Amino acid sequence: MTSATRQPEKPATPAPAVPPRLIATDLDGTLLRDDKSVSERTVAALAAAEAAGVEVFFVTGRPARWMDVVSDHVHGHGLAICGNGAAVVDLHGGPGAHRFVKVRELPRANALEAVRLLRDAAPGTVYAIEQTYGFYQEPSYPKLHMEIPDHLAPAEQLLAPDAPGAGEPILKILAFHPELDPDVFLARARLAVGDHATITRSSPSALLEISGPGVSKASTLALCCAERGISPEEVVAFGDMPNDVEMLTWAGRSYAMGNAHPDAVAAASGRTVANNEDGVAVVVEEFLAARP
């Protein structure tokens with residue numbers, strides 16, 4: 001079983017219960033049902049939270065261009081943390097018109113070193129590169145996503161100084177292995193790459209997501225909360241996969257979904273029902289009902 005690395009510091013003793021000021025929720029496997037829809041109950045619960053003065057942050061591994069699934073449910077500030085913390089995006093413009101507020105890129109030198117080390121540690125790994133607006137992949141990278149790559153080439157060429165899109169920040173690298181167990185692949189990659197990058201996963205397949213050193217959902221959420229004067233104790237977080245572990249650990253109150261990976265369950269302070277049973281809405285309704 002894997003374990004999270006580079007988690008933001010959290011008070012050693014549990015903080016007293018305080019009214020939440022911010023909800024941080026993952027999307028796939030958490031807020032979204034398996035058919036990628038947002039239930040009417042969930043929409044109503046989030047709208048009620050915003051009306052009560054509680055901010056809602058969507059915190060996801062998805063790139064900004066895949067945020068159309070929640071574009072109709074943006075309230076208040078309309079910000080989302082995308083790419084596992086690599087970008088903070090303003091969704092108010094709607095699909096295709098988002099604006100990057102903050103970018104925490106993966107330096108090209110680190111990306112090249114991560115690719116080199118992982119090629120040695122797990123032969124057969126194939127790569128794709130996710131940038132702020134472009135998507136590039138190796139010819140043998142499988143069609144895991146419904147999109148057409150901007151360019152096909154070996155990862156080393158795609159990461160070269162003169163590569164297409166070289167002036168555009170890298171948000172993360174995707175690394176896929178056709179044979180390894182997903183958790184075994186994650187553990188092996190973390191051991192091999194070390195501090196050159198942050199590695200996690202959110203897919204049920206052996207697909208890893210490689211971000212800049214120290215970049216995670218939790219570390220970017222911590223920055224956004226600090227800007228708003230919101231403490232960890234005032235945050236309620238929801239998640240289901242290893243890429244949510246740091247966020248679930250950092251937040252004052254956190255809930256793993258009924259369908260969650262064991263690492264997410266171990267990291268969270270509480271448990272709710274599965275995504276298909278509106279687990280996020282169940283908790284939000286409960287704490288809104290308990291407010292004075």
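I started with Tyr 136 and looked for what faces it: Tyr 136 stands opposite His 151 in strand 8. I keep in mind that this is a predicted model.

Next I checked how the strands around that pair are joined. Strand 7, residues 135-137, pairs with strand 8 in the parallel sense, over two bridges.

I found an open sheet of six strands, in the order 8-7-6-9-11-10, with mixed pairing. Strand 8 (151-152) and strand 10 (198-200) are its edge strands, each pairing on one side only.

I looked up what lies across this sheet. Helix 5, residues 182-193, lies across strand 9 (170-176), strand 10 and strand 11 (207-211). I noted that helix 5 runs at about 175° to strand 10.

I moved on to strand 12.

Which strands pair with strand 12? I got strand 1 (residues 22-25), which runs parallel to strand 12 and is joined to it by four bridges. Ala 24 has Ala 237 as its bridge partner there. I also got strand 13 (residues 253-256), again parallel to strand 12, over four bridges. Here Phe 238 has Tyr 255 as its bridge partner.

Last entry: I followed the chain from strand 12 to strand 13. With helix 7 (residues 245-250), the two strands make a right-handed β-α-β unit.

Methods:
Residues numbered from 1 in each chain as written. Predicted model: local features only at pLDDT ≥ 70, side-chain atom pairs only at ≥ 80, totals over all residues. Heavy atoms only, no water. Pairing = 2+ DSSP bridges. Contact = heavy atoms within 4.5 Å. Axes fitted to C-alpha atoms, helices over the stretch in contact; angles between N-to-C directions. Right-handed = clockwise from strand over helix to strand, strands pointing away.
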